[in-house]
Structure formats: structure tokens, C-alpha cells
Amino acid sequence: MKIKVLNPEVVMKIAAGEVVSGPSSVVKELVENSLDAQADNITVEILDGGKSLIKVDDNGIGMAENELELSILPHTTSKIFSIEDLYQLKTFGFRGEALSSISRVSRMKMTSKPSESEVGTMLEILGGKIIEKKRVNSSNGTKIEIMDLFFNIPARRKFLKSDSAEGRYVTEIIEKFAFTNNINLTYIRENKEIYKFSSDMDLITKCLKIYPELKKDDLIEIEHNDSVYKISGVISQPKVGRNNRTAQHFFVNNRYIKAASLYSVLEKGYGEMLEKSIHPYGIIFIEISPDMVDVNVHPQKLEVKFTDEQKIASLLKKVVREALKKNTHFTMEFISS
Ligand code: ADP
Ligand code: MG
């Protein structure tokens, strides 16, 4: 064996690759930063599935010149100071790695202005290095543009899917943000405005925008609230569904999770009412005390562990059944078991 120390350039690119898997993960990191910066007006734009351009513009607290320069260095964050802070995290970010990683594998332009500053700052960064800095007139908030993702890692760029597939992943991320946040969120894909959500839209209205094949009557609200668990959201009438589970979304304490076991619990709630090979729509929010759920905080890990998985499952099934009982004109022998 010939052990060698890796060149720092290679180390950086490997680390960046772990955070940035493609355009959709860049969009996720940037929008989370905007939300952490208390923005309630966010515009996301992509070109060529995000491979040529990803632009996120927000009206959040912004960054002063020195903060802007710091933000693209590794392990710089304004969100935690000690390891204890991790256990009462109220922000999406805390690792201080997204901007530094993204900036190293793209051409990036950042413009930001905090409300207390007269002027904003614009930085242009190429492969992690600042190549231009100037003062600019801009509105309060932050605008980040990512051009030519992975331009300096051709092997990686080659592994990106087609523009339309990468664009679709971005669209899915935007939809999840829309479900969980009451903000003004505009999404422009290949010069076309796809979504314009506004802060006062309710969940059903958002669903009808995202799933134009649905009518208002196709959806039923669900709600359960005791001192420990809160379950809310919307599900579809039993006759309405898809042939896959792409319209089932679960959020725990407002974080999106992949919960294979909950998908089948949702469908068990429908029992016999659900036609074979039909999968209902379901946008479901579970709220529980943070100490009853172990959210694995690794950026890509979307799995969670509940201390009482059985209890959540039986509650969810019950909530779904009761909502269906109240809202469908089916004979109820089917679901009384
Ligand atoms: P993290 O979110 O984990 O702190 P990031 O690399 O994503 O790390 O961002 C680094 C820092 O840059 C953040 O902690 C925040 O202070 C600042 N920042 C990033 N994006 C924005 C934004 N849109 N508005 C204001 N500040 C931002
Ligand atoms: Mg972040």
C-alpha cells in the first residue's frame, strides 16, 4: 500500500459532492437558507433543468459585505455556536457547508443587502474563489445565482440526468416547500412561470395548483389533536388516486420525510374502499414533541424513527377512517372493521 495525503483541492471537491448531488439539492439548500433568513418572498428560477442557471432571490435579512465573504468559506454559520445548540435547532441549516460546497463546484454570483445598509454587495465566485467584488444598488435581501454547476468536475456533470428530469426534481422540491410554508413562492422553469403560491393560500388551494387534475370535492381535510400528537392535512376521496405513490407526502414537524411504513398505513385507513392498484393523494403533517422522534440530521437522510411507531400508525389509520366516514357517501360496512 502506498498511502498519500490527498491534495486539498481533491478533498474539497469530494466534500462538495456530498452536499451537492445536483440542481435540486442546490435549490433545497438555497431556499432553506432564505427561510432561515426569515424571507417570506422567494423566487426560484432555473434554466436547462438547473444545469445552466439556478437563481434564488429572497427578501430575508441579508448579509453585510464581510458576512457575504465569510459565508462561502467552509464551516461558517450564523446558526449554531456550540454542540448543545444542535439539540434545540430552529433552523434548517447549521453545518455551514452548503454555500462553500456549492461555490466550489460552480460559477456563483451573490448579491445581498441587509436592511440597515445603504448599499448592497455583489460577489462573483469561480470554483470557490472570489474573482470580483463590488458595491451595488439592490433591494433588501439576498440573490444567489449558480451557473454551470459542476463545470470543474466534468465526470460529475456527465452523471446529471436530462434537463427535463433534473428540472422535475427541482419542481418536486418546490412543491414540498409550498406545502410546508405559508410564504410567497414563485417558481420559474425555462422562462415559464410554473407556480406562484401566496402566503394566504390554504392547503387545498395549493393541492389544486399542484395537482390540476383534482377538483375541490376530491379532497378531504384530516385533523387530530391531542396533547401529544397532532396529525393534519388532506387526503383524497377513495375513488381518486394515482397508479403510484407520487402524490403522498409526509412531514414530521414540518420536515419532509420518506416513510415507507406510513404510506401503507395511510392506505390501510381506506381499507376496502380503495380500489385495487389505486393510491390516494395524501399531504400529511405529523407534529410531535421533538424528543419523541429521532430525525437523522444527515442532509440526504430522510428517514426518521419514532419512539412509538405503533401509536402513530394506529392514530393515522383512525384519523383517515374517521375523515372518510364523515365525508364519503359510501356504505360504511367496508371501513367499520
Ligand atoms: P448554514 O445554513 O448551515 O449556516 P450555509 O453554507 O448554507 O450554512 O450558509 C452560511 C451562512 O450564510 C448562513 O449561516 C447565513 O448566515 C448566511 N446565509 C446564507 N444564505 C443566506 C440568505 N439567503 N440570507 C441571509 N443569510 C444567508
Ligand atoms: Mg444552509
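The expected span of a helix is taken here as 1.5 Å times one less than its number of residues, and the views below all show a predicted model.

**View 1. Helix H2, its span and its surroundings.** Helix H2 (23–36) has 14 residues, and the distance from its first C-alpha to its last is 20 Å, close to the 20 Å expected at 1.5 Å a residue. Twelve of the 14 residues of H2 are buried, so the helix is largely enclosed by the rest of the structure. The buried positions include Pro23, Ser24, Ser25, Val26 and Val27, and they also take in Lys28 and Glu29 as well as Leu30, Val31, Asn33, Ser34 and Leu35. Among the elements that cover these buried residues are strand E1 (41–47), strand E2 (53–58) and strand E6 (141–147), together with H4 and H6. H2 is followed by Gln38, whose phi is positive, near 60 degrees.

**View 2. The shell around ligand 1.** Of the 24 residues around ligand 1, those that come nearest are Asn33, Ala37, Thr77, Ser78 and Gly93. Helix H2 (23–36) and helix H4 (98–104) each supply at least two residues of this shell, and H2 gives the most, with four residues. By residue class, the shell around ligand 1 divides into twelve polar, six nonpolar and six charged residues. Asn33, which is among the residues that come nearest to ligand 1, is also one of the buried residues of H2.

**View 3. The largest nonpolar core.** The largest nonpolar core has 67 residues, of which Val26, Val27, Val31, Ile102 and Val320 touch the most other members. Helix H6 (residues 163–180) gives the most to this core, with six residues, and the core draws at least three residues from each of domain 1 (8–197) and domain 2 (216–336). When residues up to four places away in sequence are not counted, Val27 touches Val44, Gly50, Ile54, Val170 and Ile173. Val26, Val27 and Val31 are among the buried residues of H2, whereas Val320 is one of the buried residues of H9.

**View 4. The contact between the two domains.** The protein chain is divided into domain 1 (8–197) and domain 2 (216–336), and the C-alpha centres of domain 1 and domain 2 lie 32 Å apart. The contact takes four residues from domain 1 and six residues from domain 2. On the side of domain 1 that touches domain 2, H6 gives the most, with three residues, and the residues of that side divide into two nonpolar, one polar and one charged.

**View 5. Helix H9.** The 19 residues of helix H9 (residues 309–327) should span 27 Å at 1.5 Å a residue, and its end C-alpha atoms are 27 Å apart, which agrees. Buried positions in H9 are Ile312, Leu316, Val319, Val320, Arg321 and Leu324. An α-helix has 3.6 residues a turn, so residues three or four places apart point the same way.

**View 6. Pro280 and its contacts.** Pro280 lies in the loop between helix H8 (260–270) and strand E13 (282–288). Because a residue is buried if 20 or more other C-beta atoms lie within 10 Å of its own, Pro280, with 26 C-beta neighbours inside 10 Å, counts as buried. Leaving aside its neighbours within four places in sequence, Pro280 is in contact with Ile235, Ser236 and Gly241, and also with Leu266, Glu267, Tyr270 and Leu274. Between the C-alpha atoms of Pro280 and Gly127 there are 45 Å in space, and the two residues are 153 residues apart in sequence.

**View 7. Two loop residues with positive phi.** His75 is not a glycine, although its phi is positive, about 55 degrees, and this residue lies in the loop between helix H3 (65–71) and H4. With 8 C-beta neighbours inside 10 Å, His75 counts as exposed. Asn253, likewise not a glycine, has a positive phi of about 45 degrees and is found in the loop between strand E11 (248–252) and strand E12 (255–257). Asn253 is partly exposed, with 16 other C-beta atoms within 10 Å.

**View 8. Pro8 in helix H1.** Pro8 lies in helix H1 (residues 8–19) and is exposed, with 8 other C-beta atoms within 10 Å. Pro8 and Ile194 are 186 residues apart in sequence, and their C-alpha atoms are 41 Å apart in space.

Technical notes
Residues are numbered from 1 along each chain as its sequence is written. Chains are lettered from A and ligands numbered from 1 in the order in which they are written. This is a predicted model: local features need pLDDT of at least 70, side-chain atom pairs count only at pLDDT 80 or more; totals for chains, interfaces and linings use all residues. A nonpolar core is a set of buried Ala, Val, Leu, Ile, Met, Phe, Trp, Tyr and Cys residues joined through C-beta atoms within 7 Å. Domain bounds come from an automatic or database domain assignment. Two residues are in contact if their C-beta atoms, placed from the backbone, lie within 7 Å. A residue is near a molecule or strand if its C-beta atom, placed from the backbone, lies within 6 Å of it. Ala, Val, Leu, Ile, Met, Phe, Trp, Tyr, Cys and Pro count as nonpolar, Asp, Glu, Lys and Arg as charged, and the others, Gly among them, as polar.
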